[in-house]
Protein chains: 2
Amino acid sequence: MTATVAGTDHLATDQFVSALRAQSQRYHSLHPFHRRMNEGSLNRRQVQGWVANRFYYQASIPRKDAAILSNCPDPEVRRRWIRRIVDHDGTGPGEGGIEAWLSLGEAVGLSRTEVADERHVVPGVRFAVDAYVNFARTRPWVEAVASSLTELFAPDLMAERLAAFERHYDWIDPAGLAYFRARLTQAPRDSEHALEVVTEHCRTPAEQAAAVAALAFKNDVLWSMLDAIDQACR
Amino acid sequence: MTATVAGTDHLATDQFVSALRAQSQRYHSLHPFHRRMNEGSLNRRQVQGWVANRFYYQASIPRKDAAILSNCPDPEVRRRWIRRIVDHDGTGPGEGGIEAWLSLGEAVGLSRTEVADERHVVPGVRFAVDAYVNFARTRPWVEAVASSLTELFAPDLMAERLAAFERHYDWIDPAGLAYFRARLTQAPRDSEHALEVVTEHCRTPAEQAAAVAALAFKNDVLWSMLDAIDQACR
């Protein structure tokens, strides 16, 4: 009997993970603006607009992850989750993902200042990113962890984006693409942990549905950002 | 003129720091229960009650500090503040301040389980600690930083407490007092940073008054915890 129950549980977990992975069908890699970016058909101003707007997302990620830490009662989860914050903030001046994104800004011809002061960030991007941070602050922490699972889909996107940038936008110094390269290894490590947490904590159909909904919400955030950038950079 | 203005600013900062330091007059070291503890007049059950209840505070500290991280827009401040979370959570199993407090629990004759599951935590302690975490989540982040400044007064208290425990409570294994020893060096480092942040960001009388009020609030949290423990452990 125990074997059957365990078997059923395991099947349920597999189906749950499949439902999470199926959300890749709504990932922002499919957005028209993103397709045009990877096809090489964006002009310099449009690439700059994407980089400057996306900075607001990058700069907000540590605050989103700190909100998850703040809501999470399990020190063992916190010990692993905190690495995300260190990845983005770095351990000293000039380090970390936010700095790497500022370097990307310089590589596409924007000053550090005009990226860092967020002057180019359009309202739709701000609203979407703020919604993500607020989600992490106010929803149960396991749902917020589930919302991070777009990282399951990120390595493919990053690899394609790296290749596309190197092929189509040769005016961008390849050294400026360090952020994308770092995420090739960080995202799989992070999504593996997040998937462990979500499959361990989401056992009931309601919990699993909430996790899938959280991931769908995150897809909406990323898609909505590209909608706003697309509108602003025509 | 610049020198005069700078001089005035500096004087204002000195007065502000004095007002913060004056809050030591309301620090929980002066609470009757704490005085009895340091005089050696608590019985074993009362020491155990204090340790078990205070665990709820220790376990909540990383969540309070993560709330501050989440609200703080400055990566440079976050890079230093995050060390507090690592101090309490550790970087692996068995490490960090929360684990050290569980060891203190064992040293005073409580099982890890009965401390960790918070069965002995009384409502008044829970309310006070939750108020502190909620303060950090909902108030401006600089005020939350100011509320941490009880650490200015902590080293004296820790040194006295260590001496008192070793003298009066010889039934407690001194190895169990590692948490107090660690705080002797962590608290000055932390309060130095917090004081830098607060004096840099609180320039107007209103901002400075809010910082002093935040520190007074934190004193109320610590005092209220001892009130509740005192009532529960007679």
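The model is predicted.

Start with the interface. Chain A gives 27 residues to the contact, and chain B gives 27 residues as well. Together the two chains bury about 1,800 Å². Carbon and sulfur atoms account for 50% of that area. On the chain A side, three residues stand out: A:Arg63, A:Ser70 and A:Arg79. They supply 34% of the area that chain A buries against chain B, more than any other three residues.

Next, the polar links across the contact. There are 14 residue pairs in polar contact between chain A and chain B, counting pairs with both residues at pLDDT 80 or more. Two salt bridges also join the chains. One of them pairs A:Arg78 with B:Asp89. Their closest N and O atoms are 2.7 Å apart.

Which elements of chain A give two or more residues to the side that touches chain B? They are α3 (44-71), α4 (75-89) and α5 (97-107). By class, this side of chain A has 13 nonpolar, six polar and eight charged residues.

Now the core. The largest nonpolar core holds 154 residues. Within this core, A:Trp50, A:Phe180 and B:Trp50 touch the most other members. Take A:Phe180 as the example. What does A:Phe180 contact, leaving aside neighbours within four places in sequence? Its partners include two tryptophans, A:Trp50 and A:Trp101. A:Leu104, A:Met158, A:Leu162 and A:Phe165 are also in contact with A:Phe180.

Key. Residues numbered from 1 in each chain as written. Chains lettered and ligands numbered in written order. Predicted model: local features only at pLDDT ≥ 70, side-chain atom pairs only at ≥ 80, totals over all residues. Heavy atoms only, no water. Contact = heavy atoms within 4.5 Å. Buried area = accessible area lost by both parts, 1.4 Å probe. Salt bridge = Lys/Arg side-chain N within 4 Å of Asp/Glu carboxyl O. Polar contact = N/O pair within 3.5 Å; in protein donor to acceptor, adjacent residues only side chain to side chain. Helix = DSSP H or I, 4+ residues; strand = E, 2+ residues; numbered from the N terminus. Nonpolar A, V, L, I, M, F, W, Y, C, P; charged D, E, K, R; others polar. Core = buried A, V, L, I, M, F, W, Y, C linked by side-chain atoms within 4.5 Å. Buried < 20%, exposed > 50% of the residue type's maximum accessible area, 1.4 Å probe, protein only.
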